[in-house]
Amino acid sequence: MQKKSETLRQRESAQKELINLKKMQQGQLDTSSLKKTEKTELKTFGEKFGHFMNYHKYKVIVGVVGVLVLAFILYSTLSVPKYDAKVTVYCYEYVSPEELKGIEEWIKEYYPDVNSNGKVEILATDCSFSLETDQKSYVDNMMLKIQSILSSDNQAMLFILDEKSLEFLNGVSSDMVLFTKQNIVELPESFYDALPEDRHTLLEGKPRYLCLRTVGGTTVETEKGKQNYKYAKEVIEALK
């Protein structure tokens, strides 16, 4: 009985499909009602993000790298101090970082606020070395450094020199005197007071000088160089 009933249902279904087919052929049946409706499921945020990354991951990577580089540049630009001037230390003895810091603190007391940012910041550059050292590569590196400063750095107007280094630099060129007498002052006691008490170099008893370099007729004779020379000259005059 059950098999007969199932067979009957199949026949009725087949007959219904046949009737619908004929009606469709005759234009009597709306075919849109026979189309299967697709169920649209809303994707989760994770699925949408994954789909987006599949198609745009390289663009995203390039964009992220670009943002990081820009952030680094901005951070570097904003975090680096804007120095009002530089002082070069070129003596024939070892100079420690602590002593350089003391030199910066000492000389900024005499320097004007060149960039008008409300504070004075000076950078001390070490080009010193002991004449007794056997490290030729180190000496060569220091000599290249001071040569570069003299030829291209228009912020480095002042030099701390001893008698021998002053004599050497003034003998480099036969066409000009790099440090003239009127631009040389012996370092006062306040200079040594600003250095660490437990230091082993830059001790008192040996003549050392603050020297203002010549600008005229050199590669740093620019508008900026002339202006920096003027500010450095104020320091020399204040120490005389």
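## A buried loop residue

Leu202 is buried, with a relative accessible area of 1%, where buried means under 20% relative accessible area, exposed means over 50%, and partly exposed is in between, calculated with a 1.4 Å probe on protein chains only. This residue is placed in the loop between helix H6 (189-193) and strand E5, and its phi is near 50°, a positive value in a residue other than glycine. Helices (H or I, at least four residues) and strands (E, at least two) are DSSP runs, numbered from the N terminus.

Ser116 also has a positive phi, of about 55°, although it is not a glycine. Most residues other than glycine have a negative phi. Ser116 lies in the loop between H3 and strand E2 (122-126), and it is exposed, with a relative accessible area of 61%.

## What kind of model this is

The structure is a predicted model, in which local features need a pLDDT of at least 70 and side-chain atom pairs count only at pLDDT 80 or more, while totals for chains, interfaces and linings use all residues. Residues are numbered from 1 along each chain as its sequence is written, and side-chain values use heavy atoms, with hydrogens and water left out.

The pLDDT, which is the predictor's confidence in each residue from 0 to 100, averages 83 over the chain, and 70% of the residues score at least 70. Over residues 36-40 the pLDDT is below 50, and this stretch has zero contacts in the model beyond near neighbours in sequence, a contact being heavy atoms within 4.5 Å. Where pLDDT is low, the predicted coordinates should not be read in detail.

## Helix H7 and its buried side

Helix H7 (residues 223-239) has 17 residues, which at 1.5 Å a residue should span 24 Å, and the 25 Å between its end C-alpha atoms agrees with this; the expected span of a helix is 1.5 Å times one less than its number of residues. The buried residues in H7 are Gly225, Asn228, Tyr231, Ala232, Val235, Ile236 and Leu239. They cover an arc of only 150° around the axis, which puts them on the same side of H7, the arc being that of the directions from the helix axis to the C-beta atoms. An α-helix has 3.6 residues a turn, so residues three or four places apart point the same way.

On the face of H7 turned away from the buried side are the exposed residues Glu223 and Ala238. The buried residues of H7 are covered by elements including helix H3 (97-107), strand E3 (156-162), strand E4 (184-186) and strand E5 (208-212).

## Strand E5 and its partners

Five of the five residues of E5 are buried, and both of its faces are covered, with Arg208, Leu210 and Leu212 on one side and Tyr209 and Cys211 on the other. E3 and E5 pair in the antiparallel sense over five bridges, and Phe159 stands opposite Cys211 in E5. E4 and E5 also run antiparallel, joined by three bridges, and here Val185 stands opposite Leu210. Two strands pair if DSSP finds at least two bridges between them.

## Helix H4

Helix H4 (residues 136-152) has 17 residues and reaches 24 Å from its first C-alpha to its last, close to the 24 Å expected at 1.5 Å a residue. Val139, Met142, Ile146, Ile149 and Leu150 are the buried residues of H4. Seen down the axis of H4, these buried residues fall within an arc of 95°, so they line one face of the helix.

The face of H4 turned away from its buried side carries the exposed residues Lys136, Ser137, Leu144, Gln147 and Ser152, whereas what covers the buried residues includes strand E1 (85-90), E2, E3 and H5.

## Aromatic pairs

The structure holds seven aromatic pairs; rings of Phe, Tyr and Trp (its six-membered ring) pair if their centres lie within 6.5 Å, and planes under 30 degrees apart count as stacked, over 60 as edge-to-face and the rest as tilted. Trp106 and Phe191 form an edge-to-face pair, 5.2 Å centre to centre with 85° between the planes. This pair links distant parts of the chain, with Trp106 in helix H3 and Phe191 in helix H6, 85 residues apart. Trp106 is buried at a relative accessible area of 4%, and Phe191 counts as buried at 0%.

Phe159 and Phe179 form another edge-to-face pair, 5.4 Å centre to centre with 65° between the planes. Phe159 lies in strand E3 and Phe179 in the loop between helix H5 (163-170) and E4, so the pair ties together parts that are 20 residues apart in sequence, and both residues are buried. Ring pairs also link Trp106, Tyr110, Phe191 and Tyr192 into a cluster.
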